[in-house]
Amino acid sequence: MMKIGIILGSTRQGRVSPQVGAWVKEIADKRGDAEYEIVDIAEFNLPFLGAAEGQENVAAWNEKLASLDGFVFVVAEYNHSITGALKNALDSARETWNNKAAGIVSYGSTGGARAAEHLRGILGELQVADVRVHPTLSLFTDFENFTTFKPSSLHLENINAMLDQVVAWSTALKTIRG
């Protein structure tokens, strides 16, 4: 059975990514087609790329990623891009990402679409196959007071379609990883 990590892409105080990630996992767990787990980059306390200290945390991060067959990124949009913490986490594990699949669930004032598009370019460089279906969540309609996640039911179909693609591509790509 495929192992899919739901990566929380924000580490700031007051972040909403844990709410979104828990919602994605709740939907995913009902499917029975893969093992899904939340992977919170905040828990790894990654040093900035190239720092001498904290390399044991980088090793633990790479070990976690190596145990997974695919990913769902929960992405917040900051200044038309992904968070610095997510970029650092991506850069801290170069080859461990290779030949795996990923879906993106983004949120922000424009549904996080600009952050997702930026992430797609980075994933391409890391040899991660990102899937086509991309659920976008609006801070204006899917969050109460911009802090409490209350997703519209219309997103359920897109989440399941994205997960279908992530599982299919993860299964296919596992054959070339050996």
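Predicted model: local features only at pLDDT ≥ 70, side-chain atom pairs only at ≥ 80, totals over all residues.

Biologist: How many salt bridges does the structure hold?

Modeller: A salt bridge is a side-chain nitrogen of Lys or Arg within 4 Å of a carboxyl oxygen of Asp or Glu. By that rule, the number in the structure is 14.

Biologist: Which parts does the pair D40 and R15 tie together?

Modeller: The side chains of D40 and R15 form a salt bridge, 2.7 Å from N to O. Helices (H or I, at least four residues) and strands (E, at least two) are DSSP runs, numbered from the N terminus. The two residues are 25 apart in sequence, so the pair ties together strand β2 (residues 34-40), which holds D40, and the loop between β1 (2-8) and α1 (17-29), which holds R15.

Biologist: Is R15 buried or exposed?

Modeller: Buried means under 20% relative accessible area, exposed over 50%, and partly exposed in between (1.4 Å probe, protein chains only). R15 has 19%, so R15 is buried.

Biologist: What separates K25 and D29 in helix α1?

Modeller: Their side chains meet in a salt bridge at 2.6 Å, N to O. K25 is partly exposed at 24%, and D29 is partly exposed at 42%. The two are four residues apart in α1, so what separates them is about one helical turn.

Biologist: What is the relative accessible area of R114?

Modeller: R114 forms a salt bridge with E77, with the closest N and O atoms 2.6 Å apart. The pair links distant parts of the chain, 37 residues apart: E77 is in the loop between β3 (70-76) and α3 (84-91), and R114 is in helix α4 (residues 113-125). E77 counts as buried at 16%. R114 is partly exposed, at 32%.

Biologist: Which residues do salt bridges that share partners join into one network?

Modeller: Shared partners make the links here. The network joins R31, D33 and D164.

Biologist: Where do the buried residues of α3 pack?

Modeller: In α3, the buried residues include L86, N88, A89 and L90. The buried residues of α3 pack against α2 (55-66), β3 and α4.

Key. Residues numbered from 1 in each chain as written. Heavy atoms only, no water. Contact = heavy atoms within 4.5 Å.
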